[in-house]
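Here's a quick tour for anyone meeting this structure for the first time. Keep the sequence and the 3D view open while you read.

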Amino acid sequence: MKELQHLNKYFLKYKYSLLFGVIITISAIIFKLFTPRLIGKAIDVISKGLDGTYTKEVYSKELMLNILYLIGAALIAGALTFLMRQTIINVSRYIEYDLKNEIYQQYQRLSQNFYKSNRTGDLMNRITEDVSRVRMYAGPAIMYSLNMITLFVVAFFYMYNQSPKLTLYTIIPLPILSFLIYFLSKEIHKRSTIVQEYLSKLSTFTQESFSGISVIKAYGIEPITNDNFEALSTENRQKQIDLTKVQALFFPMMILLIGISNILVIYIGGKQYIDGEIESIGVIAEFIIYVNMLTWPVATLGWVTSIIQQAEASQKRINEFLKEEPDIKNTVSTPTKINGTIEFKDVHFTHSDTNIKALKGLSFKINSGDTLAIIGKTGSGKSTILDLIGRLYDVEKGVIEIDGNPIKDINLTSLRNSIGFVPQDAFLFSDSIKDNIKFGSVNATDDDVINAAKNAVVHKNIKAFSKGYDTVLGERGITLSGGQKQRVSIARAILKNPEILLLDDCLSAVDTETEEQILNNLNKVSKGKTTIIVSHRISSAKNANHIIVLDEGKITQQGSHDELINIDGFYKELYLKQLSETLDA
Ligand SMILES: Nc1ncnc2c1ncn2[C@@H]1O[C@H](COP(=O)(O)OP(=O)(O)OP(=O)(O)O)[C@@H](O)[C@H]1O
């Protein structure tokens with residue numbers, strides 16, 4: 001239960017609702033337990049009527065009175081049971097909501113490295129599956145335990161008063177039932193976890209094959225995917241059958257044990273009645289109802305033990321993530337004003353998961369308002385430079401300075417707010433085009449959005465859609481072409497109006513003519529902003545104030561376009577190659 005102590009703060013938060021729930025639960029049970037007593041009494045009245053102890057009038061009056069009490073008690077018990085669920089189960093839903101928010105906020109706090117070392121499925125599972133297992137502890141487990149304890153204590157008290165011997169015989173099978181249910185629940189849990197794993201494998205498989213349907217069709221491999229799906233389905237079916245086998249044991253086992261208890265009550269109770277050890281036949285009926293009433297709560301004891309164990313294991317997994325500290329921390333509380341001068345001083349960086357040395361002693365400087373272009377082969381470390389400027393990672397050795405201050409001494413929110421980043425793979429959310437552009441600039445007007453789209457040369461494309469800027473993107477919306485996605489992503493960065501603009505090979509999917517237009521527009525809107533353009537194309541780099549050529553994490557050439565085309569090296573080769581391609585075209 002050590003891990004579940006994490007929930008104590010929530011129990012404290014909802015203490016009044018919980019206390020109310022406890023009082024309601026106890027009251028509901030007390031009223032429920034009137035039923036066996038009243039039925040026992042009613043049977044006694046009938047037997048007294050039959051043997052002539054009561055006259056017909058007394059008999060009818062007594063019987064009617066008992067029936068009315070019975071209805072009253074049942075109605076009150078029913079209403080209180082409704083309230084019991086409304087309080088305790090509702091509290092568990094609130095706790096589930098709070099816990100999900102807590103985990104989500106922690107996910108948002110954690111750095112890029114955390115996401116590299118944990119699989120998305122695992123992150124999703126902890127916020128869904130694990131939280132719902134914990135909720136079972138915070139709600140149903142508490143409710144059923146309370147139910148069981150109260151019912152058992154009160155019923156035992158009533159039963160013992162009537163006949164201690166009969167009480168003993170009646171409750172003997174109950175602990176056995178509880179143990180059996182406990183082991184059964186554990187087995188059910190084990191098998192249902194396997195079923196869950198298979199279900200998620202199946203859904204991942206189907207999701208991937210739907211997303212990649214064009215590739216599947218183009219390669220004509222539908223029969224192979226069908227076979228793979230069938231194989232996975234067959235395994236899934238077998239696991240479901242394994243689970244159903246143990247689940248099917250649950251109710252027969254309960255019915256068997258209830259049956260044994262009933263037989264014991266009738267046999268021992270009957271003998272006691274004949275021997276005159278219990279005074280009335282109604283006691284036997286009363287005990288039979290007690291047995292039936294107690295069986296379910298006692299069975300739930302085993303079930304509750306198993307769900308508490310599962311909740312403990314789930315909370316342990318959740319706590320592991322909640323305890324995790326972000327690698328990148330904001331140590332400066334006051335906002336920092338950023339102008340945009342960036343300097344790398346002998347920067348080294350190794351990606352921790354792959355141990356790849358992406359940058360090996362990099363030094364360069366861009367003055368505020370200048371444009372720097374970075375050219376280099378794939379994997380030479382270009383994107384890594386941009387990641388380090390946005391402090392998605394911290395450098396391994398050396399220092400990055402912004403406006404002369406080490407990047408770690410700058411308020412992290414100010415730093416990120418001052419950057420407009422266009423990544424290599426433009427990511428757009430399943431939302432309208434307008435909201436995708438407004439992402440990060442929520443207060444922008446429609447005119448601002450249109451201006452940004454015009455500067456990114458995507459306005460005409462957007463207007464061509466029947467719903468224009470309200471066109472929804474994503475799975476159930478329209479799919480944009482690679483070049484359109486890149487341009488929407490550029491519009492988003494332009495609209496943010498940042499001090500630093502980082503463009504990571506974001507014109508690769510647009511034709512050279514559109515590239516030219518966008519670069520001209522960017523030239524205008526990025527006046528006074530520090531801009532870094534990462535590209536494989538000379539056309540994107542040629543107008544920059546300074547160009548660096550990167551190879552395996554090191555600068556191999558640098559200078560202006562005019563300087564570099566006159567020196568033998570990678571830049572000149574690339575320039576001549578791309579020039580001849582343009583002339584050929
Ligand atoms: N998230 C990551 N985890 C581990 N290694 C990485 C990661 N990102 C990049 N690398 C590695 O670091 C090196 C530099 O990668 P980077 O993405 O900076 O190159 P790039 O010059 O931008 O390449 P490209 O032109 O193909 O985009 C590569 O060898 C790459 O495999």
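Setting aside neighbours within four places in sequence, isoleucine 410 is in contact with Val332, Thr336, Ile402, Asn405 and Leu415; "in contact" means that the C-beta atoms of two residues, placed from the backbone, lie within 7 Å. Bear in mind that this is a predicted model: local features need pLDDT of at least 70, side-chain atom pairs count only at pLDDT 80 or more, and totals for chains, interfaces and linings use all residues. Residues are numbered from 1 along each chain as its sequence is written.

**Around isoleucine 410**

- You'll find isoleucine 410 in the loop between strand 5 (405-406) and helix 13 (412-417). Helices (H or I, at least four residues) and strands (E, at least two) are DSSP runs, numbered from the N terminus.
- Isoleucine 410 counts as buried because 24 other C-beta atoms lie within 10 Å. The cut-offs are 20 or more other C-beta atoms within 10 Å of a residue's own for buried, 12 or fewer for exposed, and anything in between for partly exposed, with C-beta atoms placed from the backbone.
- Between isoleucine 410 and asparagine 497 there are 20 Å, C-alpha to C-alpha, and the two are 87 residues apart along the chain.

**Helix 17 and its end**

- Helix 17 (residues 482-496) has 15 residues, which at 1.5 Å a residue should span 21 Å; its end C-alpha atoms are 22 Å apart, so the two agree. The expected span of a helix is 1.5 Å times one less than its number of residues.
- Of those 15 residues, 13 are buried, so helix 17 is largely enclosed by the rest of the structure.

- Arginine 391 isn't a glycine, yet it has a positive phi of about 50 degrees. It sits in the loop between helix 12 and strand 4 (397-402), and it counts as buried because it has 21 C-beta neighbours inside 10 Å.
- Valine 457 isn't a glycine either, and its phi is positive at about 55 degrees. Look for valine 457 in the loop between helix 15 and helix 16 (459-464); with 22 other C-beta atoms within 10 Å, it is buried.

**Valine 449**

- Valine 449 belongs to helix 15 (residues 446-455), and it is buried, with 23 other C-beta atoms within 10 Å.
- Apart from neighbours within four places in sequence, valine 449 is in contact with Lys434, Ile437, Lys438, Ala444, Tyr469 and Leu495.
- From valine 449 to isoleucine 260 the C-alpha distance is 76 Å, and the two are 189 residues apart in sequence.

**Around the ligand**

- There are 16 residues around the ligand, and His351, Thr378, Lys382, Ser383 and Thr384 come nearest. A residue is near a molecule or strand if its C-beta atom, placed from the backbone, lies within 6 Å of it.
- Strand 2 (356-366) and helix 12 (382-389) each supply at least two residues of this shell, with helix 12 giving the largest share, three residues.
- By class, the shell has two nonpolar, 10 polar and four charged residues. Here Ala, Val, Leu, Ile, Met, Phe, Trp, Tyr, Cys and Pro count as nonpolar, Asp, Glu, Lys and Arg as charged, and the others, Gly among them, as polar.

**Two domains**

- The protein chain is divided into domain 1 (3-323) and domain 2 (342-584), with bounds from an automatic or database domain assignment.
- Their centres, taken over C-alpha atoms, are 57 Å apart.
- Four residues of domain 1 are in contact with four residues of domain 2. The side of domain 1 that touches domain 2 has no nonpolar, three polar and one charged residues.

**UniProt annotations and helix 8**

- An unreviewed UniProt entry puts "domain: ABC transmembrane type-1" at residues 19-310. UniProt positions use the numbering used here, feature names are shortened, and annotations may be inferred rather than shown by experiment.
- Residues 19-310 are 92% helix and 0% strand, and the end C-alpha atoms of the span lie 25 Å apart.
- Helix 8 (residues 173-211) has 39 residues, which at 1.5 Å a residue should span 57 Å; its end C-alpha atoms are 56 Å apart, which agrees.
- The buried residues of helix 8 pack against helix 7 (164-171), helix 10 (222-274) and helix 11 (282-323).
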